[in-house]
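Please find below my remarks on the model under review. They are set out as numbered points, for reading alongside the coordinates.

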Amino acid sequence: MKTLKTFKPEELLENIQDIQEIRKLPLDYLKEKTVLGIDLYEYSKYPLVEQIYVPVIFDKLYEAAAKNASEKESFIFSSYGSNVEDFKKNFISTGDGGFQIFDNPLQAVLFAIYFQSNVKRFISGGSPNNFLKKLHKIVQTIELRYAITHDYIYSYNMNFFGPAIISNA
């Protein structure tokens, strides 16, 4: 993914006095992106031990989806990244899910398909990952909700903000 310029108002406003110039300044940092929201449905209703393991399971399923997408769809994700770390740079964790920022809706849909495929494999007990097989004995099922939005975002203080994320939430 093309890296977003980070909005740094402390530096940018240092020598600017004109209020109109200050108002226009953030517009240079907005980029149109697609946001895939993933939310674990009714996470708070899980018993305590399961609540502790669910984020671990989510991370493993996320890593599998990122690996699948980058390896199996290398052409579509060529501008985005080629490994799990590239995906993680564009992820905002919410604890029971998160927001993945993509360049376009096709990338978001494909990632959601890979993620859900790994979820289905996990809840069937058929994960090839032995670690996930052990965790399946504690958490037998998870349900996710997905949302895709396309709008503007910006980067500030090593995080992402903007209408694309607000609408997705």
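1. In this predicted model, helix 3 comprises 25 residues (48-72). The distance from its first C-alpha to its last is 36 Å, close to the 36 Å expected at 1.5 Å a residue.

2. Which residues of helix 3 are buried? They are E50, V54, I57, F58, L61, Y62, A65, A66, A69 and S70. In an α-helix there are 3.6 residues a turn, so residues three or four places apart point the same way. The buried residues of helix 3 pack against strand 1, strand 2 and strand 3, and also against helix 4 (84-88), helix 5 and helix 6 (130-136).

3. The sheet is open and consists of five strands in the order 2-3-1-4-5, with antiparallel pairing. Strand 2 (91-93) and strand 5 (159-161) are at the edges, each with a single partner strand, so one side of each has no neighbour in the sheet. From one strand to the next, the twist averages 40°.

4. At one of these edges, strand 5 is joined to strand 4 (residues 144-156) by three bridges, and the two run antiparallel. Among the bridge partners, N159 in strand 5 is that of Y156.

5. Two helices deserve attention in relation to the sheet. Helix 3 lies across strand 1 (31-40), strand 2 and strand 3 (97-102), and runs at about 25° to strand 3. Helix 5 (residues 105-123) packs on the sheet and touches strand 1, strand 3 and strand 4; the direction of helix 5 makes about 140° with that of strand 4.

Terms used. Residues numbered from 1 in each chain as written. Predicted model: local features only at pLDDT ≥ 70, side-chain atom pairs only at ≥ 80, totals over all residues. Heavy atoms only, no water. Pairing = 2+ DSSP bridges. Helix = DSSP H or I, 4+ residues; strand = E, 2+ residues; numbered from the N terminus. Axes fitted to C-alpha atoms, helices over the stretch in contact; angles between N-to-C directions. Contact = heavy atoms within 4.5 Å. Expected span 1.5 Å × (residues − 1). Buried < 20%, exposed > 50% of the residue type's maximum accessible area, 1.4 Å probe, protein only.
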